2 protein chains.
Amino acid sequence: MTSTHAPASDLDIARAAPIRPIEDIAAAAGIPAEALELYGRYKAKIDIAALDSAAGTRLGKVVLVSAMSPTPAGEGKSTCTVGLADSLARAGQRVMIALREPSLGPILGMKGGATGGGYSQVLPMEDINLHFTGDFHAITSANNTLMALVDNHIYQGNALGIDPRRITVKRVLDVNDRALREVVIGLGGPTQGTPRQDGFDITVASEVMAVFCLATGLQDLKKRLAAITIGYTYDRKPVTVADLRVEGALTMLLKDAIKPNLVQSIAGTPALVHGGPFANIAHGCNSVIATQTARRLADVVVTEAGFGADLGAEKFMDIKARYADVAPDAVVVVATIRALKMHGGVAKEDLGKPDVAAVEAGVANLRRHVHNVEKFGITPVVAINKFTTDTDEELAWVLKWCAAEGISAAVADVWGEGGGGAGGDDLAAAVLAALDAPGSFRHLYSLELSVEEKIRTIVQEIYGADGVDFSVPALRRLAEIEANGWGGLPVCMAKTQYSFSDDATKLGAPKGFTIHVRDLIPKTGAGFIVALTGAVMTMPGLPKEPAALRMDVDDDGGAVGLF
Amino acid sequence: MTSTHAPASDLDIARAAPIRPIEDIAAAAGIPAEALELYGRYKAKIDIAALDSAAGTRLGKVVLVSAMSPTPAGEGKSTCTVGLADSLARAGQRVMIALREPSLGPILGMKGGATGGGYSQVLPMEDINLHFTGDFHAITSANNTLMALVDNHIYQGNALGIDPRRITVKRVLDVNDRALREVVIGLGGPTQGTPRQDGFDITVASEVMAVFCLATGLQDLKKRLAAITIGYTYDRKPVTVADLRVEGALTMLLKDAIKPNLVQSIAGTPALVHGGPFANIAHGCNSVIATQTARRLADVVVTEAGFGADLGAEKFMDIKARYADVAPDAVVVVATIRALKMHGGVAKEDLGKPDVAAVEAGVANLRRHVHNVEKFGITPVVAINKFTTDTDEELAWVLKWCAAEGISAAVADVWGEGGGGAGGDDLAAAVLAALDAPGSFRHLYSLELSVEEKIRTIVQEIYGADGVDFSVPALRRLAEIEANGWGGLPVCMAKTQYSFSDDATKLGAPKGFTIHVRDLIPKTGAGFIVALTGAVMTMPGLPKEPAALRMDVDDDGGAVGLF
């Protein structure tokens, strides 16, 4: 179970890894050549229409990879997702991975990608982490075209009576650009437009991204785009994209992007990497189209949800699974010794020191996540993602604790032994056992509850809070939402991922706290009501020494310093 | 010579046209399979490194397609470029087209693309006019990453002492967004940055785009990016991208975009469509890399330059041909009966009426352009691009006038009879004759002249102005430019394309006017000094009824209402 990690960087490992032509990966996955739109040698978009005759009608099972409350160090959820899929393939299963696309902005800011790590990565990682097949750029274009049309509508006479002070959609860029968080636009006099306070979000925070990822097809995409509320009139009536008559143009701008992207893991497992909404103000999963396409092609689809199970898994079950038939058949909760120690009170700089007592102190966090998953009718599997600093004693303690609690668990060394090695065999076996004993999936709450009741259910049942406290603006917004007929939508909680509470410093399994909802944002295209707790950063900034300063190209045109 | 134009739209014609797999086009053009990076079935990027062994060392001849002063109706320069290339191929030549990529912003605003028209189009026009292979998105990313890094540098302590009031590079979007022309950014207090007045340009107006199109390779691209001046310090010293140490990251973001894109004309002629800088504040030609790659693969390369010959051709000769060995062997000046009439004083709504006298009155505009081309040592060919409203008498008059003036000329019906038809045969014959009798190319001015003298030479020799008048700020800027050691750069004139003068209403061949230079912008990465005459719009707006309102997708995912 122990392994020596190679000292190579993720980029070095990815570069050295054998990679097969994407046509071969597609053929092995049962994707006919006519459904394949190549983007270079190792990436392809899949034309789903051309799949119809080829793909079977039976849909593969869904394994959702979630996690305990993450720490700033990262728990390796994507690494586990890729490694588990490779190990399931090694066990003879017909497997496909479904992952989110990484956002370019943070890559230029802080080291760290979203394509897995070590020997459990998807390839070509360099391309996937840079512009990939241009999906996010298309989403940026569609969003910003919409906003140019909104401001142009106001400039050209404002027939709809849009209140420039009540526009709720922002322009976006896939760049970490602090200076664009709060801006004033439309300056320069009557020929340049109407001045108004505005701001930019990062592309992944846009409702267009959320819509893109929840759409079940091109016509559903258009319907959802049409339903986006861009703001309100002077007399407080919602204004939608349909009112502006531009849903057709926006759909046209997204017609190619909406096709899922096929790539491969280092071990050659086919992977659909498609879409990537924020996990706080959106639902944080890859596109429904990718998940469903994978299910048509494979017996088991391994996918993930953003942040810990309190956020990602809950949203997967209550939002994504509501809009598409993708309820998970098994849920993996990724835990690490380091995260357990941190939740047990150890400081970040001391995580490398053996400390079984701290692991024991932090296990309450894992316990709450595990029992939360059970509330959806699914028996979870705990994956202990092995790091080089973990001791055998610490790993043994967690396995013993899980056994005592009746929780299925396995140590996974997929970073060091991925790529078809034996490091994920135990986890694969545990997941296969879970798939053979499916539970009875249920949503956490009924849509018939009021928005307020839905929020109360989530914070009490999942977070373990005593209750919820709404700010005065939030209360007013709740009334508006019900009055506008949006009360039947599910809720998307925007909360810190580091704690069950809305206070990032309350680690472990806190008790006796209240969740503070300061505002609500109706996302009528995506189809959920965002509940904001605390400050949510929708446009990240760059650090003092951005990763961009270390990046370059080599003489062969390859990326240098990417990770 | 007459033909009945089909009533079909450009999109209809493009859709109905036969299209061959891009591998076949590549193979016929001598591009080995290993140099091809496919983007779907009908587009590919060319890996130039993989061409080395295959392509010969002999470089093909360059035919530059320029035009008389354009009118708002459009003269069909791209249509003539494509049609001429098809006709040259029909005449047995090994031909390649090199064209600019269209900008997405204007496409959503006003009808009209940049991929030719009628039966002289490049395919797949729908893809080329939408996101194509993502080059412009990569340029947008690189430019905006740079600007985020600039504002982050200031926010993180401003070690370089950048004066926030003297930042000269703007953020960009490939969207027509009037409301972003003048903005204030960095609002929100000390954690959000430093407030400053700013604005957004359209992507094609960026210096990154100009650099991209003048770079001779990846290392030259990096060198030029490093040399971009982003602004000035508090003590007025220029600050470059190299000072910020981010040229490597920007080059990395452009490493795939810089590979030229291969597509085909309706007649199957190979076309490299790559890059597309503004023709006013930049040089307005496709990338040097595309032109040079085409020359390595073909005996004749047909390419174009933006606007009329006073702007596009002059910049091609004095900027592009200076930085790369691409001096034209022949120059085509496109004229239309409609444009001649308009320069002869006919109003736009009356252009359909036969009027030989007006044609005669307007021919002075054509004459000046023709003689201007001769100043570069090249004998031009006039192409009369036939429209359905042209009468035989009008066409005959122009041909007779050209013959009397000793100017080689031909009527080209490439809109209606392109695609390998006979409509461009006369033009092809005239161009081949010109290629057989090459002139002796020379630049208009020596780089050793001062910037002021260079500008004076252009406005007197090419525009026919009496002289040039510099505003007080422009005079100060001239002194700064010489003091900073940039006096040896060529000049890029930003002037209205509708007139030889800087007054768009002065049609024909005006005399007795002065050019007013109101400001100068050093583009030290691209390697030219922009001279601004009059107002130059670097961020277009949308019209009252944007084209976007007519756009949609059909059930098969095809674009509707694109053109």
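Trainee: In β15(A), which residue is the bridge partner of A:Q264?

Mentor: The model is predicted, so local features need pLDDT of at least 70 and side-chain atom pairs count only at pLDDT 80 or more, while totals for chains, interfaces and linings use all residues. Residues are numbered from 1 along each chain as its sequence is written, chains are lettered from A and ligands numbered from 1 in the order in which they are written, and side-chain values use heavy atoms, with hydrogens and water left out. Strand β14 (residues 261-265) of chain A is joined by three bridges to the antiparallel strand β15 (residues 270-273) of chain A; strands (E, at least two residues) and helices (H or I, at least four) are DSSP runs numbered from the N terminus, and two strands pair if DSSP finds at least two bridges between them. In β15(A), the partner of A:Q264 is A:P270.

Trainee: In β14(A), which residue is the bridge partner of A:L123?

Mentor: Strand β6 (residues 120-123) of chain A pairs with β14(A) in the antiparallel sense over two bridges. The partner of A:L123 in β14(A) is A:Q264.

Trainee: How many residues of β14(A) are buried?

Mentor: Buried means under 20% relative accessible area, exposed over 50% and partly exposed in between, with a 1.4 Å probe and protein chains only. Strand β14(A) is largely enclosed by the rest of the structure, because the number of its five residues that are buried is five.

Trainee: Are α6(A) and α10(A) roughly parallel or antiparallel to each other?

Mentor: The axes of helix α6 (residues 135-155) and helix α10 (residues 247-254) of chain A come within 8 Å and cross at roughly 165 degrees. Axes are lines fitted to C-alpha atoms, for helices over the stretch in contact, and angles run from 0 to 180 degrees between N-to-C directions. Angles under 35 degrees count as roughly parallel, over 145 as roughly antiparallel, 65 to 115 as roughly perpendicular and the rest as oblique. The two helices α6(A) and α10(A) are therefore roughly antiparallel.

Trainee: Is B:T81 buried or exposed?

Mentor: B:T81 lies in helix α3 (residues 77-90) of chain B. Beyond its neighbours within four places in sequence, B:T81 is in contact (heavy atoms within 4.5 Å) with B:V65, B:I97, B:L99, B:V302, B:T303 and B:E304. With a relative accessible area of 0%, B:T81 is buried.
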